[in-house]
Amino acid sequence: MPDQRLPWGAMFPMGLQHLVAMSGATILGPLLMGFDPNLAILFSGIGTLIFFICTAGRVPSYLGSSFAFIAVVIAATGYAGSGPNPDIGGALGGIIAAGALYVVIGLIVMATGTGWVEKLMPPAVTGAVGAAIGLNLAPVGINGITGDNMHMLVALLTLLSVAFVSVYAPIALRRISILVGIMAGYVLVLVLGNGFGLMPAIDFTELSQAAWFGMPSFVAPRFESSAMFLIAPVAFILVAENLGHIKAIGGMTKQNMDRYIGRGFVGDGLATMLAGSGGGTGVTTYVENMGVMAVTRVFSTLIFVIAAVIAILLGFSPKFGALLHTIPGPVLGGLGVAVFGLIAAAMIRLWVDNRVDFSDPRNLFTVGITLIFGAGDFTVNFGGFAMGGIGTATLAAIILYQALSIGRGKSAHPAEADVA
């Protein structure tokens, strides 16, 4: 259980297992935004310790890179999709703003409970916004796999490797399907590029020259109103995501964790603010680690402290960071398509699991308009400020659902009345 611990000899491998489970997605997220993945690993470890303290060590979770930031960071910075992001400072200011809003929401939840959050963002709304984020990233995914024949071959085989591992591999490997996909694509480029010269080879010069231990290259944030207003609304996505995760953990442990939800929001928000202050990505609780807990039935929170400490040590290894930077572009392109598609598809599962009634016009209009705003990147300009597709989709989902709920009783929809 969360407040218990295994013998020390068993705790280290369990912590290492959770580190591996989160590593693929936590590494991929920053690479898709042009951030330093080594810093993301470092801040994921620090953020997990912050979350542990804020929840009094009672909520077993690991905080890794949040994919909810990818679309808005790319929109705010104009990131081209390869190499370091040249405008990372502005994005970091927006990430800090999202974390600050997240903390405020957490403090309100601590004082009032979660009822208003669930009313403001029911499954129809959260699913619509999440799906809009995935669809908004579709052009980025397609650009990532577009290139010459060898580039597309590696990208598509990487994509297929993730899919086949996710479906046919043993459960332990399914939990790290992204990491397996990275390794499969990496080996393929080594064979085709470094071996046969059929495509650009992986350059190991930086890796060979990097030190094993050293200080990371931190990046200072810049606070620009346009980026902050664009990125800050991601906090609402993190709220819905974390709320579901903590409730799911409560179900697995048979312990009521509702009293820790607000504290979890505060911990996640503080961790996101700290990450943004030094060059890391926004963070969130990780479903990959929830999967490990579901399989092992071990929920001890001290295991996540061990995983966090190892992650922090890796963050102070330039050699590890240089290794991450050798991951080839076609591999990232294939992984991007997989991840962006899964973001959208997972929302469909959310609707199914929560039995969202799509015979209700309120849900149909809310979801339909939100998806079009997100997929079409509907942008609204206010003077020098521009709100992109993710922002307009989020606002449309929340406002439209509430507007269409005015005057409705519990059985306002004809189908519901017939059932009653």
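Predicted model: local features only at pLDDT ≥ 70, side-chain atom pairs only at ≥ 80, totals over all residues.
Two packed helices are described by the angle between their axes and the distance between the axes. Helix H6, residues 123-136, and helix H18, residues 329-353, have axes that come within 7 Å and cross at roughly 165°. Because an angle over 145 degrees counts as roughly antiparallel, H6 is roughly antiparallel to H18. The crossing of H6 past H18 is left-handed. On the H6 side the contact is made by Pro 123, Ala 124, Thr 126, Gly 127, Ala 128, Gly 130, Ala 131, Ile 133 and Gly 134. H18 contributes Phe 340, Ile 343, Ala 344, Met 347, Leu 350 and Trp 351. Sorted by class, the contact of H6 with H18 holds 11 nonpolar residues, four polar and no charged ones.

H6 also packs against helix H20, residues 389-403, at an angle of about 160° and with the axes 9 Å apart. H6 and H20 are therefore roughly antiparallel to each other. Here H6 passes H20 in a right-handed crossing, whereas H6 passes H18 in a left-handed one. The residues of H6 that make the contact with H20 are Ala 124, Val 125, Val 129, Ala 132, Ile 133 and Asn 136. They meet Gly 389, Ile 390, Ala 393, Thr 394, Ala 397, Ile 398 and Tyr 401 of H20. This contact has 10 nonpolar, three polar and no charged residues. Ala 124 and Ile 133 of H6 take part in the contact with H18 and also in the contact with H20.

H18 has a further partner in helix H7, residues 138-145. The axes of H7 and H18 come within 7 Å and cross at roughly 150°, and the two helices are therefore roughly antiparallel. Their crossing is left-handed. From H7, Val 140, Gly 141, Gly 144 and Ile 145 meet Gly 329, Gly 333, Gly 334, Val 337 and Phe 340 in H18. The contact of H7 with H18 divides into four nonpolar, five polar and no charged residues. Phe 340 of H18 belongs to the contact with H7 and to the contact with H6.

The next element is helix H14, residues 261-278. H14 has 18 residues and spans 26 Å from its first C-alpha to its last, close to the 26 Å expected at 1.5 Å a residue. H14 is mostly covered, with 13 of its 18 residues buried. Gly 267 is found in this helix and is buried, with a relative accessible area of 0%. Beyond residues up to four places away in sequence, Gly 267 touches Ile 50, Phe 51 and Cys 54. Gly 267 and Phe 43 are 224 residues apart in sequence and 13 Å apart in space, C-alpha to C-alpha. Just after H14, Gly 279 takes a positive phi of about 115°.

Positive phi values also occur in two residues other than glycine. Ala 56 has a phi near 60° and is found in the loop between helix H2 (37-54) and strand S1 (63-65). Ala 56 is partly exposed, with a relative accessible area of 38%. Asp 377 has a phi near 50° and is placed in the loop between helix H19 (361-375) and strand S3 (380-382). Asp 377 is partly exposed, with a relative accessible area of 38%.

Methods. Residues numbered from 1 in each chain as written. Heavy atoms only, no water. Axes fitted to C-alpha atoms, helices over the stretch in contact; angles between N-to-C directions. Helix = DSSP H or I, 4+ residues; strand = E, 2+ residues; numbered from the N terminus. Parallel < 35°, antiparallel > 145°, perpendicular 65-115°, else oblique. Left-handed = near helix turned anticlockwise from the far one by under 90°. Contact = heavy atoms within 4.5 Å. Nonpolar A, V, L, I, M, F, W, Y, C, P; charged D, E, K, R; others polar. Expected span 1.5 Å × (residues − 1). Buried < 20%, exposed > 50% of the residue type's maximum accessible area, 1.4 Å probe, protein only.
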